[in-house]
Amino acid sequence: MSAKKFAFDSPEEAIAAIADRLKVVGGDDECPSCLGRVLAKPVTADRDSPAADVSAMDGYAIRLSDLRPGETIPVHGESVPGSPPPTMNAGSLVRIFTGAIVPAAADAVVKREDTEELENAIRFRDVALSTQVGENIRRAGENAKSGSTVLPAGVLVNAAHRATMVNFGCYQASVYSPVRVTVITTGDEVGVFADEAPQPWQLRNSNQVALTSLIEPNPWIAIQAVQHARDDRETLQQSLAAALDQSDAILMTGGVSMGDYDYVPEVVREVGGDVVFHGLPIRPGKPILGAATGDGKLILGLPGNPVSAAVGCRRFALPLLAKQSGQTEWCPPAMQVRLQAAGSKTLPLHWMRIVKMVADGVAEPVFSQGSGDLVSLGQSSGFVEVPVGESGEGPWRYYPW
Ligand SMILES: Nc1nc2c(c(=O)[nH]1)N[C@H]1C(S)=C(S)[C@@H](COP(=O)(O)OP(=O)(O)OC[C@H]3O[C@@H](n4cnc5c(N)ncnc54)[C@H](O)[C@@H]3O)O[C@H]1N2
Ligand code: MOO
(Lines give C-alpha, C1' and ligand atoms only; values in the text may rest on other atoms or scores of the structure.)
(Ligands and ions follow the chains in the order given, each with its own letter.)
Protein backbone atom coordinates (compact mmCIF):
# COMPACT_ATOMS: atom_id res chain seq x y z
CA MET A 1 0.00 0.00 0.00
CA SER A 2 1.12 3.62 -0.49
CA ALA A 3 3.09 5.67 2.05
CA LYS A 4 -0.05 7.66 2.77
CA LYS A 5 -2.39 5.07 4.25
CA PHE A 6 -4.71 5.10 1.25
CA ALA A 7 -4.09 6.43 -2.25
CA PHE A 8 -7.58 8.01 -2.29
CA ASP A 9 -9.92 9.31 0.37
CA SER A 10 -13.19 8.12 -1.15
CA PRO A 11 -14.65 5.61 -3.60
CA GLU A 12 -15.49 8.42 -6.08
CA GLU A 13 -11.90 9.65 -6.20
CA ALA A 14 -10.57 6.14 -6.71
CA ILE A 15 -13.15 5.41 -9.41
CA ALA A 16 -12.42 8.69 -11.22
CA ALA A 17 -8.65 8.05 -11.16
CA ILE A 18 -8.88 4.60 -12.66
CA ALA A 19 -11.65 5.59 -15.09
CA ASP A 20 -9.24 8.10 -16.64
CA ARG A 21 -6.93 5.24 -17.59
CA LEU A 22 -9.53 3.05 -19.27
CA LYS A 23 -10.19 2.81 -22.97
CA VAL A 24 -13.68 2.70 -24.43
CA VAL A 25 -14.12 -0.64 -26.22
CA GLY A 26 -15.40 1.06 -29.37
CA GLY A 27 -16.56 -1.16 -32.20
CA ASP A 28 -19.54 -0.53 -34.37
CA ASP A 29 -22.02 -3.42 -34.36
CA GLU A 30 -25.24 -3.04 -36.35
CA CYS A 31 -27.90 -4.16 -33.93
CA PRO A 32 -31.64 -4.53 -34.55
CA SER A 33 -32.46 -5.18 -30.91
CA CYS A 34 -30.23 -2.61 -29.27
CA LEU A 35 -31.98 -2.64 -25.89
CA GLY A 36 -29.32 -2.38 -23.19
CA ARG A 37 -26.54 -1.60 -25.69
CA VAL A 38 -24.64 1.69 -26.07
CA LEU A 39 -25.14 3.87 -29.14
CA ALA A 40 -21.92 4.26 -31.13
CA LYS A 41 -23.42 6.91 -33.40
CA PRO A 42 -26.08 9.55 -32.82
CA VAL A 43 -29.62 8.92 -34.02
CA THR A 44 -30.92 11.70 -36.24
CA ALA A 45 -34.46 12.71 -37.17
CA ASP A 46 -35.37 11.41 -40.64
CA ARG A 47 -38.18 14.00 -40.81
CA ASP A 48 -39.69 16.82 -38.78
CA SER A 49 -41.46 15.79 -35.58
CA PRO A 50 -44.37 16.25 -35.75
CA ALA A 51 -44.17 15.81 -39.51
CA ALA A 52 -46.93 18.44 -40.00
CA ASP A 53 -49.06 20.81 -37.89
CA VAL A 54 -51.34 18.43 -35.96
CA SER A 55 -54.18 18.83 -33.52
CA ALA A 56 -53.56 18.16 -29.82
CA MET A 57 -57.32 17.82 -29.15
CA ASP A 58 -60.56 16.46 -30.55
CA GLY A 59 -62.52 19.53 -31.69
CA TYR A 60 -62.77 22.00 -34.56
CA ALA A 61 -60.09 23.62 -36.70
CA ILE A 62 -61.00 27.29 -36.97
CA ARG A 63 -59.95 30.64 -38.31
CA LEU A 64 -59.82 33.11 -35.43
CA SER A 65 -61.86 35.54 -37.55
CA ASP A 66 -64.81 33.10 -37.22
CA LEU A 67 -64.75 33.27 -33.44
CA ARG A 68 -67.92 35.22 -32.76
CA PRO A 69 -70.29 34.72 -29.85
CA GLY A 70 -73.73 33.27 -30.57
CA GLU A 71 -73.24 32.63 -34.29
CA THR A 72 -73.77 29.23 -35.85
CA ILE A 73 -70.82 28.17 -38.02
CA PRO A 74 -71.20 25.29 -40.47
CA VAL A 75 -68.90 22.25 -40.26
CA HIS A 76 -67.59 21.09 -43.64
CA GLY A 77 -65.42 18.02 -43.61
CA GLU A 78 -63.27 16.10 -41.16
CA SER A 79 -59.57 15.76 -40.59
CA VAL A 80 -58.77 12.31 -39.20
CA PRO A 81 -55.42 10.71 -38.30
CA GLY A 82 -54.20 8.59 -41.19
CA SER A 83 -55.56 10.83 -43.98
CA PRO A 84 -54.51 14.15 -45.45
CA PRO A 85 -56.62 17.10 -44.25
CA PRO A 86 -59.55 18.47 -46.28
CA THR A 87 -59.53 22.00 -47.67
CA MET A 88 -61.16 24.43 -45.27
CA ASN A 89 -63.62 26.74 -47.00
CA ALA A 90 -64.11 30.34 -45.90
CA GLY A 91 -66.76 30.73 -43.21
CA SER A 92 -66.76 27.05 -42.23
CA LEU A 93 -64.96 24.77 -39.77
CA VAL A 94 -63.41 21.34 -40.06
CA ARG A 95 -64.07 18.69 -37.43
CA ILE A 96 -60.68 17.41 -36.29
CA PHE A 97 -59.36 14.56 -34.17
CA THR A 98 -56.28 14.33 -31.93
CA GLY A 99 -53.21 13.72 -34.05
CA ALA A 100 -54.86 14.68 -37.36
CA ILE A 101 -53.33 17.31 -39.65
CA VAL A 102 -54.64 20.83 -39.20
CA PRO A 103 -55.90 22.29 -42.53
CA ALA A 104 -53.57 24.99 -43.87
CA ALA A 105 -56.22 27.72 -43.56
CA ALA A 106 -56.85 27.08 -39.83
CA ASP A 107 -54.97 28.95 -37.15
CA ALA A 108 -56.27 27.23 -33.98
CA VAL A 109 -58.25 24.24 -32.72
CA VAL A 110 -61.16 24.63 -30.29
CA LYS A 111 -61.91 21.61 -28.07
CA ARG A 112 -65.28 20.07 -28.80
CA GLU A 113 -66.41 20.56 -25.17
CA ASP A 114 -65.94 24.33 -25.66
CA THR A 115 -68.58 24.28 -28.38
CA GLU A 116 -72.25 23.56 -28.62
CA GLU A 117 -72.53 20.84 -31.26
CA LEU A 118 -75.52 21.16 -33.57
CA GLU A 119 -76.31 19.19 -36.73
CA ASN A 120 -73.43 19.97 -39.17
CA ALA A 121 -72.71 23.22 -37.31
CA ILE A 122 -71.44 24.48 -33.95
CA ARG A 123 -71.76 27.53 -31.73
CA PHE A 124 -68.80 28.63 -29.59
CA ARG A 125 -69.26 28.65 -25.83
CA ASP A 126 -67.94 31.76 -24.07
CA VAL A 127 -64.83 29.88 -22.89
CA ALA A 128 -63.77 29.42 -26.53
CA LEU A 129 -63.83 33.14 -27.33
CA SER A 130 -60.36 33.75 -25.87
CA THR A 131 -58.69 31.14 -28.13
CA GLN A 132 -55.24 32.27 -29.29
CA VAL A 133 -53.41 31.69 -32.57
CA GLY A 134 -51.84 28.22 -32.54
CA GLU A 135 -53.88 26.98 -29.59
CA ASN A 136 -54.11 23.18 -29.46
CA ILE A 137 -51.86 22.88 -32.51
CA ARG A 138 -48.57 21.00 -32.28
CA ARG A 139 -46.40 22.66 -34.90
CA ALA A 140 -44.39 20.74 -37.50
CA GLY A 141 -40.82 20.24 -36.22
CA GLU A 142 -41.50 21.57 -32.73
CA ASN A 143 -39.99 18.40 -31.18
CA ALA A 144 -37.15 18.03 -33.68
CA LYS A 145 -36.24 19.32 -37.13
CA SER A 146 -35.37 16.83 -39.83
CA GLY A 147 -31.64 16.01 -39.64
CA SER A 148 -31.18 17.07 -36.02
CA THR A 149 -29.75 14.72 -33.36
CA VAL A 150 -32.43 13.12 -31.23
CA LEU A 151 -30.15 10.72 -29.29
CA PRO A 152 -26.39 11.26 -28.94
CA ALA A 153 -23.74 8.54 -29.07
CA GLY A 154 -23.01 7.09 -25.63
CA VAL A 155 -26.66 6.54 -24.68
CA LEU A 156 -27.46 3.24 -22.96
CA VAL A 157 -30.59 2.29 -24.87
CA ASN A 158 -33.71 1.77 -22.76
CA ALA A 159 -37.42 1.46 -23.61
CA ALA A 160 -37.87 5.22 -23.97
CA HIS A 161 -34.89 5.51 -26.32
CA ARG A 162 -36.20 2.67 -28.46
CA ALA A 163 -39.52 4.45 -28.85
CA THR A 164 -37.68 7.59 -29.98
CA MET A 165 -35.54 5.60 -32.40
CA VAL A 166 -38.44 3.82 -34.05
CA ASN A 167 -40.33 7.09 -34.39
CA PHE A 168 -37.49 8.31 -36.58
CA GLY A 169 -37.20 5.13 -38.61
CA CYS A 170 -34.11 3.82 -36.80
CA TYR A 171 -34.77 0.07 -36.67
CA GLN A 172 -31.10 -0.88 -36.69
CA ALA A 173 -28.71 1.20 -34.60
CA SER A 174 -24.96 1.31 -34.53
CA VAL A 175 -23.80 0.23 -31.06
CA TYR A 176 -20.45 -0.34 -29.36
CA SER A 177 -19.21 -3.89 -28.87
CA PRO A 178 -19.95 -5.28 -25.41
CA VAL A 179 -17.20 -5.09 -22.80
CA ARG A 180 -15.59 -8.53 -22.59
CA VAL A 181 -15.20 -9.48 -18.94
CA THR A 182 -13.40 -12.45 -17.40
CA VAL A 183 -14.16 -13.37 -13.81
CA ILE A 184 -11.39 -15.17 -11.93
CA THR A 185 -11.98 -16.38 -8.39
CA THR A 186 -9.05 -17.70 -6.36
CA GLY A 187 -8.43 -19.94 -3.37
CA ASP A 188 -7.62 -23.61 -2.73
CA GLU A 189 -10.54 -23.83 -0.32
CA VAL A 190 -13.09 -22.81 -2.93
CA GLY A 191 -14.99 -25.20 -5.18
CA VAL A 192 -18.42 -25.96 -6.60
CA PHE A 193 -19.47 -28.91 -4.39
CA ALA A 194 -22.84 -29.24 -6.04
CA ASP A 195 -23.12 -33.02 -5.54
CA GLU A 196 -20.71 -33.81 -2.72
CA ALA A 197 -20.58 -32.09 0.68
CA PRO A 198 -17.64 -29.74 1.18
CA GLN A 199 -15.26 -30.49 4.05
CA PRO A 200 -15.26 -27.97 6.91
CA TRP A 201 -12.16 -26.34 5.38
CA GLN A 202 -13.82 -25.99 2.01
CA LEU A 203 -16.25 -23.39 0.67
CA ARG A 204 -18.67 -23.12 -2.24
CA ASN A 205 -17.78 -20.50 -4.82
CA SER A 206 -20.38 -17.90 -3.96
CA ASN A 207 -18.25 -15.02 -5.25
CA GLN A 208 -18.33 -16.41 -8.76
CA VAL A 209 -22.12 -16.36 -8.91
CA ALA A 210 -22.39 -13.03 -7.06
CA LEU A 211 -20.14 -11.33 -9.60
CA THR A 212 -21.57 -12.95 -12.71
CA SER A 213 -25.12 -12.26 -11.47
CA LEU A 214 -24.30 -8.60 -10.93
CA ILE A 215 -22.84 -8.09 -14.38
CA GLU A 216 -24.68 -10.62 -16.55
CA PRO A 217 -28.03 -8.79 -16.78
CA ASN A 218 -26.30 -5.97 -18.67
CA PRO A 219 -26.39 -6.57 -22.43
CA TRP A 220 -23.47 -4.13 -22.82
CA ILE A 221 -21.28 -6.68 -21.02
CA ALA A 222 -20.24 -10.03 -22.47
CA ILE A 223 -18.87 -12.53 -19.99
CA GLN A 224 -15.88 -13.88 -21.84
CA ALA A 225 -14.89 -16.55 -19.34
CA VAL A 226 -15.44 -17.60 -15.74
CA GLN A 227 -12.44 -19.27 -14.14
CA HIS A 228 -11.18 -20.43 -10.81
CA ALA A 229 -7.46 -20.34 -10.01
CA ARG A 230 -5.72 -22.20 -7.21
CA ASP A 231 -3.43 -20.29 -4.85
CA ASP A 232 -0.41 -20.92 -7.01
CA ARG A 233 1.52 -17.94 -8.19
CA GLU A 234 2.44 -19.33 -11.59
CA THR A 235 -1.01 -20.70 -12.44
CA LEU A 236 -2.59 -17.44 -11.43
CA GLN A 237 -0.13 -15.46 -13.54
CA GLN A 238 -0.78 -17.65 -16.58
CA SER A 239 -4.56 -17.49 -16.14
CA LEU A 240 -4.50 -13.74 -15.78
CA ALA A 241 -2.17 -13.17 -18.74
CA ALA A 242 -4.28 -15.40 -21.00
CA ALA A 243 -7.52 -13.81 -19.82
CA LEU A 244 -6.15 -10.31 -20.47
CA ASP A 245 -5.51 -11.21 -24.10
CA GLN A 246 -9.17 -12.10 -24.61
CA SER A 247 -10.85 -9.51 -22.39
CA ASP A 248 -11.31 -5.81 -21.80
CA ALA A 249 -11.65 -6.25 -18.05
CA ILE A 250 -10.76 -8.83 -15.41
CA LEU A 251 -12.62 -9.12 -12.14
CA MET A 252 -10.82 -11.19 -9.53
CA THR A 253 -11.74 -12.15 -6.00
CA GLY A 254 -9.56 -13.24 -3.11
CA GLY A 255 -5.83 -13.25 -2.59
CA VAL A 256 -5.59 -9.49 -2.43
CA SER A 257 -4.79 -9.01 1.25
CA MET A 258 -1.69 -9.64 3.39
CA GLY A 259 -1.56 -13.44 3.56
CA ASP A 260 1.39 -15.54 2.35
CA TYR A 261 -0.80 -16.88 -0.48
CA ASP A 262 -2.20 -13.51 -1.51
CA TYR A 263 -0.48 -13.33 -4.89
CA VAL A 264 -2.92 -11.08 -6.71
CA PRO A 265 -1.09 -7.72 -6.29
CA GLU A 266 2.27 -8.99 -7.56
CA VAL A 267 0.75 -11.04 -10.36
CA VAL A 268 -1.29 -8.05 -11.54
CA ARG A 269 1.96 -6.06 -11.81
CA GLU A 270 3.72 -8.90 -13.61
CA VAL A 271 1.12 -8.98 -16.37
CA GLY A 272 1.46 -5.24 -16.94
CA GLY A 273 -1.17 -3.87 -14.60
CA ASP A 274 -0.38 -0.44 -13.24
CA VAL A 275 -1.83 -0.44 -9.73
CA VAL A 276 -3.83 2.75 -9.17
CA PHE A 277 -4.92 1.80 -5.67
CA HIS A 278 -4.45 -1.11 -3.32
CA GLY A 279 -6.53 -0.50 -0.25
CA LEU A 280 -9.27 2.09 0.14
CA PRO A 281 -10.91 3.56 3.23
CA ILE A 282 -14.04 1.45 2.96
CA ARG A 283 -15.55 -1.30 5.09
CA PRO A 284 -16.06 -3.93 4.04
CA GLY A 285 -13.72 -4.22 1.10
CA LYS A 286 -10.68 -2.34 2.34
CA PRO A 287 -8.01 -4.48 0.58
CA ILE A 288 -9.52 -3.79 -2.90
CA LEU A 289 -7.03 -3.37 -5.73
CA GLY A 290 -7.63 -1.37 -8.90
CA ALA A 291 -5.26 -1.46 -11.87
CA ALA A 292 -5.21 -0.43 -15.51
CA THR A 293 -3.03 -1.80 -18.28
CA GLY A 294 -1.16 0.40 -20.74
CA ASP A 295 -3.82 -0.35 -23.37
CA GLY A 296 -6.65 0.77 -21.11
CA LYS A 297 -7.95 -2.52 -19.74
CA LEU A 298 -9.29 -2.87 -16.21
CA ILE A 299 -8.10 -5.30 -13.55
CA LEU A 300 -10.04 -5.21 -10.32
CA GLY A 301 -8.92 -7.37 -7.42
CA LEU A 302 -11.83 -7.67 -5.00
CA PRO A 303 -11.38 -9.07 -1.52
CA GLY A 304 -12.39 -12.69 -1.06
CA ASN A 305 -14.92 -12.14 1.70
CA PRO A 306 -18.32 -12.49 0.02
CA VAL A 307 -19.90 -9.22 1.20
CA SER A 308 -16.74 -7.31 0.28
CA ALA A 309 -16.64 -8.92 -3.17
CA ALA A 310 -20.30 -8.12 -3.88
CA VAL A 311 -20.01 -4.53 -2.59
CA GLY A 312 -16.82 -3.97 -4.58
CA CYS A 313 -18.36 -5.31 -7.75
CA ARG A 314 -21.46 -3.14 -7.41
CA ARG A 315 -19.70 0.05 -6.33
CA PHE A 316 -16.49 -0.13 -8.41
CA ALA A 317 -16.74 -2.72 -11.19
CA LEU A 318 -20.11 -1.70 -12.62
CA PRO A 319 -19.34 2.01 -13.17
CA LEU A 320 -15.85 1.26 -14.47
CA LEU A 321 -17.16 -1.31 -16.93
CA ALA A 322 -19.83 1.21 -17.94
CA LYS A 323 -17.04 3.69 -18.66
CA GLN A 324 -15.33 1.10 -20.88
CA SER A 325 -18.62 0.42 -22.65
CA GLY A 326 -18.76 3.99 -23.97
CA GLN A 327 -21.70 5.14 -21.82
CA THR A 328 -21.53 8.90 -21.39
CA GLU A 329 -23.40 8.66 -18.09
CA TRP A 330 -21.27 5.83 -16.77
CA CYS A 331 -21.49 6.94 -13.16
CA PRO A 332 -25.08 8.13 -12.71
CA PRO A 333 -26.07 9.78 -9.44
CA ALA A 334 -26.99 7.21 -6.81
CA MET A 335 -30.44 7.07 -5.30
CA GLN A 336 -30.59 8.51 -1.78
CA VAL A 337 -32.38 6.73 1.03
CA ARG A 338 -32.98 7.40 4.70
CA LEU A 339 -31.84 4.78 7.16
CA GLN A 340 -34.31 3.85 9.86
CA ALA A 341 -32.93 2.49 13.17
CA ALA A 342 -29.44 3.48 12.01
CA GLY A 343 -27.92 3.80 15.51
CA SER A 344 -25.10 6.18 16.36
CA LYS A 345 -22.07 4.05 15.51
CA THR A 346 -19.47 5.71 13.29
CA LEU A 347 -16.48 4.28 11.45
CA PRO A 348 -13.19 5.92 10.45
CA LEU A 349 -13.90 4.51 6.97
CA HIS A 350 -16.72 4.79 4.42
CA TRP A 351 -19.21 2.28 5.70
CA MET A 352 -20.78 0.16 2.99
CA ARG A 353 -23.63 -0.97 5.17
CA ILE A 354 -25.95 -3.69 3.90
CA VAL A 355 -29.61 -2.70 4.18
CA LYS A 356 -33.07 -3.68 3.10
CA MET A 357 -35.53 -1.24 1.58
CA VAL A 358 -38.64 -1.12 3.79
CA ALA A 359 -40.66 1.80 2.33
CA ASP A 360 -40.32 4.40 -0.43
CA GLY A 361 -36.95 6.07 0.18
CA VAL A 362 -36.44 4.26 3.51
CA ALA A 363 -34.07 1.39 4.29
CA GLU A 364 -33.20 -0.53 7.44
CA PRO A 365 -29.78 -2.00 8.35
CA VAL A 366 -29.51 -5.76 8.04
CA PHE A 367 -27.80 -7.25 11.07
CA SER A 368 -24.56 -8.82 9.91
CA GLN A 369 -21.77 -10.77 11.58
CA GLY A 370 -19.29 -9.32 9.09
CA SER A 371 -18.09 -9.57 5.55
CA GLY A 372 -18.19 -13.38 5.50
CA ASP A 373 -21.85 -13.54 6.50
CA LEU A 374 -23.70 -14.79 3.44
CA VAL A 375 -26.95 -15.13 5.40
CA SER A 376 -27.15 -11.40 6.03
CA LEU A 377 -26.09 -10.71 2.44
CA GLY A 378 -29.08 -12.72 1.24
CA GLN A 379 -31.41 -10.66 3.43
CA SER A 380 -30.21 -7.35 2.00
CA SER A 381 -31.53 -5.47 -1.03
CA GLY A 382 -28.30 -3.46 -1.41
CA PHE A 383 -26.10 -1.22 0.68
CA VAL A 384 -25.79 2.41 1.70
CA GLU A 385 -22.53 4.32 1.73
CA VAL A 386 -22.14 6.19 5.01
CA PRO A 387 -19.17 8.59 4.75
CA VAL A 388 -16.25 8.52 7.21
CA GLY A 389 -17.24 9.51 10.75
CA GLU A 390 -20.94 9.95 10.00
CA SER A 391 -23.92 8.17 11.46
CA GLY A 392 -27.67 8.40 11.65
CA GLU A 393 -30.46 8.39 9.14
CA GLY A 394 -28.76 10.21 6.29
CA PRO A 395 -29.97 10.39 3.52
CA TRP A 396 -27.21 8.17 2.16
CA ARG A 397 -26.38 6.92 -1.28
CA TYR A 398 -28.03 3.58 -1.94
CA TYR A 399 -26.72 0.87 -4.26
CA PRO A 400 -29.22 -1.91 -4.94
CA TRP A 401 -27.94 -5.33 -5.96
N1 LIG B 1 -3.25 -9.26 8.24
C2 LIG B 1 -4.34 -8.88 7.60
N3 LIG B 1 -5.25 -9.80 7.28
C4 LIG B 1 -6.36 -9.42 6.64
C5 LIG B 1 -6.59 -8.08 6.29
C6 LIG B 1 -5.58 -7.15 6.62
O7 LIG B 1 -5.70 -5.94 6.32
N8 LIG B 1 -4.48 -7.59 7.25
N9 LIG B 1 -7.74 -7.73 5.67
C10 LIG B 1 -8.88 -8.58 5.95
C11 LIG B 1 -9.97 -8.21 5.10
S12 LIG B 1 -10.77 -6.79 5.48
C13 LIG B 1 -10.41 -8.99 4.09
S14 LIG B 1 -11.79 -8.54 3.20
C15 LIG B 1 -9.76 -10.21 3.72
C16 LIG B 1 -9.55 -10.22 2.20
O17 LIG B 1 -8.61 -11.13 1.92
P18 LIG B 1 -8.31 -11.71 0.49
O19 LIG B 1 -8.84 -10.86 -0.59
O20 LIG B 1 -6.90 -12.00 0.45
O21 LIG B 1 -9.24 -12.95 0.44
P22 LIG B 1 -8.95 -14.43 0.87
O23 LIG B 1 -8.05 -14.47 2.04
O24 LIG B 1 -8.58 -15.16 -0.33
O25 LIG B 1 -10.40 -14.82 1.35
C26 LIG B 1 -11.08 -14.16 2.39
C27 LIG B 1 -12.26 -15.00 2.81
O28 LIG B 1 -13.16 -15.12 1.73
C29 LIG B 1 -13.39 -16.48 1.39
N30 LIG B 1 -13.50 -16.60 -0.07
C31 LIG B 1 -12.50 -16.36 -0.92
N32 LIG B 1 -12.93 -16.59 -2.18
C33 LIG B 1 -14.21 -16.97 -2.08
C34 LIG B 1 -15.18 -17.34 -3.05
N35 LIG B 1 -14.88 -17.36 -4.36
N36 LIG B 1 -16.42 -17.64 -2.65
C37 LIG B 1 -16.70 -17.64 -1.31
N38 LIG B 1 -15.82 -17.29 -0.35
C39 LIG B 1 -14.58 -16.98 -0.73
C40 LIG B 1 -12.16 -17.17 1.90
O41 LIG B 1 -12.36 -18.54 2.10
C42 LIG B 1 -11.87 -16.42 3.15
O43 LIG B 1 -12.70 -16.87 4.19
O44 LIG B 1 -8.54 -10.33 4.35
C45 LIG B 1 -8.56 -10.06 5.76
N46 LIG B 1 -7.30 -10.38 6.33
O1 MOO C 1 -12.86 -5.27 4.40
MO2 MOO C 1 -12.93 -6.90 4.62
O3 MOO C 1 -13.69 -6.66 3.16
O4 MOO C 1 -13.89 -6.37 5.97
O5 MOO C 1 -13.95 -8.09 5.10
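User: Which residues are around ligand 2?

Analyst: A residue is near a molecule if one of its heavy atoms lies within 4 Å of it. Around ligand 2 these residues are Pro-284, Gly-285, Lys-286, Pro-287, Asn-305, Ser-308 and Ser-371. The model is predicted: local features need pLDDT of at least 70, side-chain atom pairs count only at pLDDT 80 or more, and totals for chains, interfaces and linings use all residues. Residues are numbered from 1 along each chain as its sequence is written, chains are lettered from A and ligands numbered from 1 in the order in which they are written, and side-chain values use heavy atoms, leaving out hydrogens and water.

User: Which polar side-chain atom lies 2.3 Å from an oxygen atom of ligand 2?

Analyst: A polar contact is a pair of N or O atoms within 3.5 Å. The side-chain atom belongs to Ser-308. From the backbone, an N or O atom of Gly-285 lies 2.5 Å from a ligand 2 oxygen, and a polar atom of Lys-286 is 3.2 Å from an oxygen of ligand 2.

User: How many disulfides does the structure hold?

Analyst: A disulfide is a pair of cysteine sulfur atoms within 2.5 Å. The structure has 0. For Cys-34, the nearest cysteine sulfur is that of Cys-31, 5.5 Å away. For Cys-331, the nearest is that of Cys-313, at 14 Å.

User: Is Cys-34 buried or exposed?

Analyst: Buried means under 20% relative accessible area, exposed over 50%, and partly exposed in between (1.4 Å probe, protein chains only). Cys-34 is buried, at 3%, whereas Cys-331 is partly exposed, at 42%.

Notes: A polar contact is a pair of N or O atoms within 3.5 Å; within protein, one must be able to donate a hydrogen and the other to accept it, and residues adjacent in sequence count only if both atoms are side-chain atoms.
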